[in-house]
Amino acid sequence: MKKGLCSFLILLLAVTLLAGLVTGCSSSTTASKEQVITIGVDTPLTGGAAPWGLSEMHGVTLAADDFNSAGGLTIGDTHYTLKVEALDDAYDTAKATNNINQMAYTDGVKFMFTFQTEGSLALAPTLTNMKILNFTVVNDDRIIAQPADAYTYRTYMGFSVQANDYLAWMKKTYPNDKSIAVLTTNDTNGNVTEASTKAAAAAAGLTYLAPVFYDTGTADFSPFVTKILNEKPDIILTIGDPTGDVGLIAKTLNGMGFKGIHATGIVGAADLLKIAGQAPIEGMLTLNMPLIPGGQVSSAVLGLPAREVAHSGSAWGTAYCCTWDFYSEAGIMFDAMKQAKSVDPTVVKAKIDQSGAKFNYAAINNGIATFGSPASNAIFGANGGHQVTNSWPIDIIKNGKDTIGTIITPK
Amino acid sequence: MLLGVKDLKVNYKKVEAVKGVSFSVDEGTLVSIIGANGAGKSTILKTLSGLLRATSGEIWFGDKRIDKTAVDKIVKMGIAQVPAGRRIFPQLSVLENLQAGAYTISKRSEVNALLAEVYQHFPRMKERLNQRAGSLSGGEQQMLAIGRAMMTKPKLLVMDEPSLGLSPIMVNEIGSIIKTMKEAGRTILLVEQNAKLALKLADHTYVLELGKVVLEGKSEDIMNNPIVKKAYLGATESS
Amino acid sequence: MAQIFQVIVNALSLSLIYILFATGLTLIMGIFDVCNFAYGEFVMVGGIATYLIVAKSGLPYIVAPFAAMIIVSLIGIIFEKGIFYPMRNRGGLEPALATFGSSTIMQTAVLILFGGMPLGVPSIMSGQFKIGSAYFPMDRLPIIIGGFLMITLLFLFVQKTKLGLAIRALQQDQDAAALQGMNIASIRVVVWVVASCLAAVAGVLLSSISYVSPTMGSGYLLKGFAVVIMGGLGSIPGALVGGFVLGFVDSFGQTYLGSYSYMFAFAFIMLVLIVRPQGLMGKR
């Protein structure tokens, strides 16, 4: 009977190795004049946050493809192209920490994108010490409150930066809705949502009701929805919650007769539709960019869904909601490399830190991203330069589809 | 000859517990195997039921060789065991225990007839049909175990230490039940540490020591054998 | 306190979710004395079948449970013949570890085949029903009806049929059961098929109120074990009682204690086990 266990363990090993092969094997080809730079991405490719992570993997990869097909970067006699290595952290701190360590120490990655809050926070000092340039989308403002020489930048308009404009727009657009309550995860991400909303509600003149926190991995939201509905809020904010959760919350809110506004973050109508159905998501507010021609949406991001579908590979073949966002963020990094004419993270960082530097923000026609702005400097002081500033959309779901509410251009 | 065992050798927990044992049981007789603890009695019975496999030797039931046959097939062929320590299903009711015994019998009328027969031998069971078997007294549990074995409609009833752990009064009661069953024409193989009880009931007796048959014969002859008297019936002599 | 009625309604449907998940788990744990860490993946495969049949192929919902039962039963039989039967005499740890590994294999396989995105499955029923001040979402109705139906069928099967009797006998004494002429190997397969069917139906019903993903089952597993242990290992009425207790504790805890509810729920289970180590309905 020992043989049975042995062969089972071998099978287990084989499958694990196979899984490793599929998700992220890297090899670098070194030619005398051809050099491949590995761009490391740590992001959730599975679980409720997978729509974001898969979007990030797609967006960064397509931006790298565009960088390469536009000729890459030639410095002296060396021609540089980019290659993306994406690891799955399943939105889990331990896995994220492990992945970032692996990319930094084992794989020698010099340019990185991270996603998971606690993992990114924990390893930010390490990345600075190792001089690894990191773009992150962590909502927690502590990611910006690093030493001034930190190598980590937030290339997404964190909710603390967006909250004032988001809530002010709601107040203006829906003048009859007067109170707001937050339903969010019981983690640092949720704490940021709560604190930012509280401040922005006061600024916008909305009544701020007690927030409700839930555990990640919740399958039945009825108790939490019951609790929040008991406060009778006009607006329920689920910003920062994973797509799967937002879908289930929308379904439960609808089931319990909520008639107010359900506002969330960068979540695609198509994904919500699959989880919740059409009625529960009608009228929801998101921060997703509706990819419809016309207006300020650039043709570059309009073409992304078709490219995602046409791309070969196991994690492709589907267009995700927020690929446009990550595509644009990666574009900032790659534009900075081009402007700095360097693949040395320290030199690229110096370009980013340069006062008045402007980078291409691909999502918007003639879009510009800067680091630091009057608004972010007001919040983060000397560290304001670690926060990106760019235009961002507010989206209203109508008939199960994303439509533009407005595009906010920060001052 | 209903059961024939030829030169049986069995390993139990890597030790040769049965070292070439032969015995037979004729139809309508009560044969007993007596021996001290560790003599190999239970190992023989486990092999007989198919729970253990012989390293060599043959077991014949009627004209069929059964030493490679599966446990459930052996039961269907007609060998029922009352295992040592009774091994009733404690969480099941008395009736359910009896029904479990009739697992191989699909005809309802046949099951009912068997139940009636069991009630006849054990009127006490009928009173406790819906009681949880685990709550019965030791003697009642032994009766249930025997009744359960009878429910398999056996040609040969094998009993492993039915007197174990029972009070002297209960031992006598079980003894008289076995006697009645024998008188009703059942073929029984009785394995006992209680030599006095076994010799009193059996037609033919085998004495087992350290995995070997050291003595066999008619029970009354064995009873009068001085060695047996000294080793197995000593207590009765001194009292 | 007008919401208390709503909390009770929530608790009811939450309880049935736990019960649905726990019955098959307790059946296997009770009979084989082994933890099946891959049980969540059995449920997940039921969800995948629902996704393929209802969301992908557009077939009627009623096809899903039957297809799911066939697929999951086949997986169950593979587990029995590949892991549990060959390892039956080697204690609880080795087969438990093997199921742990299998759970990872199944998650990875589904991840490779279907990707990590949440796969949406339409609800069986939609809309809501208002009872006084409380809302009852209609998509929970199939869970409640299906849950009670399955518990009843399982109870009747185990208590009233000959095979059910054999399963209970097997649970208590395998050798003694064999001595009654029961074919242990084939009865074990029956147990797996029954547990697999329960998991499959649970997968269909649970995915109808949520979504399908490779890790959907493992999320329920901890609560499932909690229900099984609290109710009493192997006890079907225990799974019923345990599911209701945990459902109510969770519903009230999450509503009134919010994020401390996990701690509260497990502290409650510890308390139950201190007072009754054999579980609420367990027998010593």
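This is a predicted model: local features need pLDDT of at least 70, side-chain atom pairs count only at pLDDT 80 or more; totals for chains, interfaces and linings use all residues.

User: How do you know that chain A and chain B do not touch?

Analyst: Contact means heavy atoms within 4.5 Å. Chain A and chain B do not meet that rule, and their nearest C-alpha atoms are 16 Å apart. Of the 2 pairs of chains that touch, chains A and C have the most contacts. That contact involves 38 residues from chain A and 44 residues from chain C.

User: What makes up the area buried between chain A and chain C?

Analyst: Buried area is the accessible area (1.4 Å probe) that two parts lose on being put together, summed over both. For chain A and chain C the value is about 3400 Å², and carbon and sulfur atoms give 62% of that area.

User: Why is the pair C:Arg140 and A:Asp220 called a salt bridge?

Analyst: The term requires a side-chain nitrogen of Lys or Arg within 4 Å of a carboxyl oxygen of Asp or Glu. In C:Arg140 and A:Asp220 the closest N and O atoms are 3.0 Å apart, so the pair qualifies. The rule finds 1 salt bridge across the interface of chain A and chain C.

User: Which helix gives the largest share of the side of chain A that touches chain C?

Analyst: Helices (H or I, at least four residues) and strands (E, at least two) are DSSP runs, numbered from the N terminus. Helix 1 (2–23), helix 2 (50–69), helix 7 (222–229), helix 8 (243–255) and helix 9 (269–276) of chain A each give two or more residues to this side. The largest share, 7 residues, comes from helix 8 of chain A.

User: How many salt bridges does the rule find across the interface of chain B and chain C?

Analyst: There are 3 salt bridges across that interface. B:Glu96 forms a salt bridge with C:Arg168, where the closest N and O atoms are 3.0 Å apart. Helix 2 (71–77) and helix 3 (94–101) of chain B each supply at least two residues of the side that touches chain C. In total, 24 residues of chain B are in contact with 21 residues of chain C. The area buried between chain B and chain C is about 2000 Å², of which carbon and sulfur atoms give 61%. B:Phe89, B:Gln91 and B:Tyr103 lose the most area in chain B, together 33% of what that side buries.

User: Why do strand 6 and strand 10 of chain B stand at the edges?

Analyst: Two strands pair if DSSP finds at least two bridges between them. The open sheet of chain B has 6 strands in the order 6-7-8-3-9-10, with mixed pairing. Strand 6 (79–82) and strand 10 (212–218) each have a single partner strand, so one side of each is left without a neighbour in the sheet.

User: How do you know that strand 7 and strand 8 of chain B pair?

Analyst: Strand 7 (residues 156–160) and strand 8 (residues 187–192) of chain B share 5 bridges, against the required two, so they count as paired, in the parallel sense. B:Asp160 stands opposite B:Val191 in strand 8 of chain B.

Methods:
Residues are numbered from 1 along each chain as its sequence is written. Chains are lettered from A and ligands numbered from 1 in the order in which they are written. Side-chain values use heavy atoms; hydrogens and water are left out.
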